Amino acid sequence: MSGHPDGEVTIVACPDGPLLVRGPVAIVDTEGEPIEQRRRTIALCRCGVSTIKPYCDGTHKLTGFRTEPPAPGEE
């Protein structure tokens with residue numbers, strides 16, 4: 001799998017969404033077995049509700065997932 005031409009890995013934390021990972025990374029399960037990557041840029045779930053973990057399926061939008069805690073009085 002190829003990433004950036006220079007081999008750099010970047011991770012972007014999307015507000016209220018997934019982590020976007022670009023570059024040559026290896027994703028493995030808890031046993032150390034590789035998890036197949038089908039795209040150059042992958043979105044990793046942060047909400048914990050995705051049905052295709054560790055990848056994001058967009059469910060965070062339905063659940064109202066927030067990466068920042070609510071301000072006092074906004075709960």
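Guide: The largest nonpolar core comprises 5 residues in all, namely Val21, Ile27, Ile42, Leu44 and Tyr55. A nonpolar core is here a set of buried Ala, Val, Leu, Ile, Met, Phe, Trp, Tyr and Cys residues joined through side-chain atoms within 4.5 Å, where buried denotes under 20% relative accessible area with a 1.4 Å probe, protein chains only. The model is predicted: local features need pLDDT of at least 70, side-chain atom pairs count only at pLDDT 80 or more, and totals for chains, interfaces and linings use all residues. Residues are numbered from 1 along each chain as its sequence is written, and side-chain values use heavy atoms, with hydrogens and water left out.

Leu44 is in contact (heavy atoms within 4.5 Å) with the core members Val21, Ile27 and Tyr55. Its contacts beyond four places in sequence also include Pro18, Leu19, Pro54 and Cys56.

Strands are DSSP runs of E, at least two residues, numbered from the N terminus, and two strands pair if DSSP finds at least two bridges between them. Strand β2 (residues 19-22) is joined antiparallel to β1 (residues 10-13) by 4 bridges, and 4 bridges likewise join β2 to the antiparallel strand β3 (residues 41-44). Core residue Val21 lies opposite Ile11, while Leu44 in β3 is the bridge partner of Leu19. In the hairpin of β1 and β2, with 5 residues between the strands, Asp16 adopts a positive phi near 55°.

Conventions. Buried means under 20% relative accessible area, exposed over 50%, partly exposed in between (1.4 Å probe, protein chains only).
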